[in-house]
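Hi,

Here is the structure I said I would pass on. Have a look at it first, then read my notes below.

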Amino acid sequence: DEAEAAPVVQLHVAKTAGTSLCHWANRSGFSSLLPVGLMNRCQLLGDGPFWFGERASPASCPQRLVELAEKNLTWSSVERWLDLPLCHRLRYVTLLRWPVARTLHHFMHIISFFNLGR
């Protein structure tokens, strides 16, 4: 079935277990980890945390399908998803978290990341 073979795109909301979900997907038989330098990540170039200064680069549906196929990925995460087109040849998933806990965790992550808690 074509729907079962379609890659999955996780619409990732910051600080909602994105890394854990990526590793779960990989352990569950999806191809999700993309080596980038010394790290593995779940995002294609341009889909990562732009709020950390990463270049944001929205891909068209055909372009996203080609990039996933070229990298042999069946699971990918997108952190910048509000302005992306929904593609009928992809499946989507998202994970939500209690809003106050998520906001506090994100706030503490930003403080820690930018070393603002000095």
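**Starting from Leu44**

Leu44 touches Leu34, Arg64, Glu67, Leu68, Lys71, Leu73 and Ser76, leaving aside residues up to four places away in sequence; contact here means heavy atoms within 4.5 Å. Before going on, the ground rules: this is a predicted model, where local features need pLDDT of at least 70 and side-chain atom pairs count only at pLDDT 80 or more, while totals for chains, interfaces and linings use all residues. Residues are numbered from 1 along each chain as its sequence is written, and side-chain values use heavy atoms, with hydrogens and water left out.

Back to Leu44, which sits in the loop between β3 and α3. Is Leu44 buried or exposed? Leu44 counts as buried because its relative accessibility is 1%; buried means under 20% relative accessible area, exposed over 50%, and partly exposed in between (1.4 Å probe, protein chains only). Ser77 is 33 residues from Leu44 in sequence, yet their C-alpha atoms are 7.7 Å apart in space.

**The whole chain**

You will find four helices and five strands in the chain. Both are DSSP runs, numbered from the N terminus: helices are H or I with at least four residues, strands are E with at least two. Read from the N terminus, the order is α-β-α-β-β-α-β-β-α.

The mean pLDDT of the chain is 82, and 89% of the residues score at least 70; pLDDT is the predictor's confidence in each residue, from 0 to 100. Of the 118 residues, 36% count as buried. Contacts between residues 24 or more positions apart make up 70% of those with a separation of 6 or more.

**The cores**

Leu44 also belongs to the largest nonpolar core, which has twelve residues, including Val9, Leu11, Leu34, Leu65, Leu68 and Leu84. A nonpolar core is a set of buried Ala, Val, Leu, Ile, Met, Phe, Trp, Tyr and Cys residues joined through side-chain atoms within 4.5 Å. β1 (8–11) and α3 each supply at least two residues of this core, and the largest share, three residues, comes from α3. There is also a second, separate core of six residues, with Val8, Cys22, Cys42 and Trp75 among them. In soluble globular proteins, nonpolar side chains tend to be buried together.

**One salt bridge**

How many salt bridges does a search of the whole structure find? One, where a salt bridge is a side-chain nitrogen of Lys or Arg within 4 Å of a carboxyl oxygen of Asp or Glu. The partners are Arg64 and Asp47, with their closest N and O atoms 2.5 Å apart. Arg64 lies in helix α3 (residues 61–70) and Asp47 in the loop between β3 (39–41) and α3, so the pair ties together parts that are 17 residues apart in sequence. Both Arg64 and Asp47 are buried.

**Two positive phi values**

Most residues other than glycine have a negative phi. Asn72, though, has a positive phi near 55°. Asn72 is in the loop between α3 and β4 (75–78) and counts as exposed because its relative accessibility is 58%.

Happy browsing!
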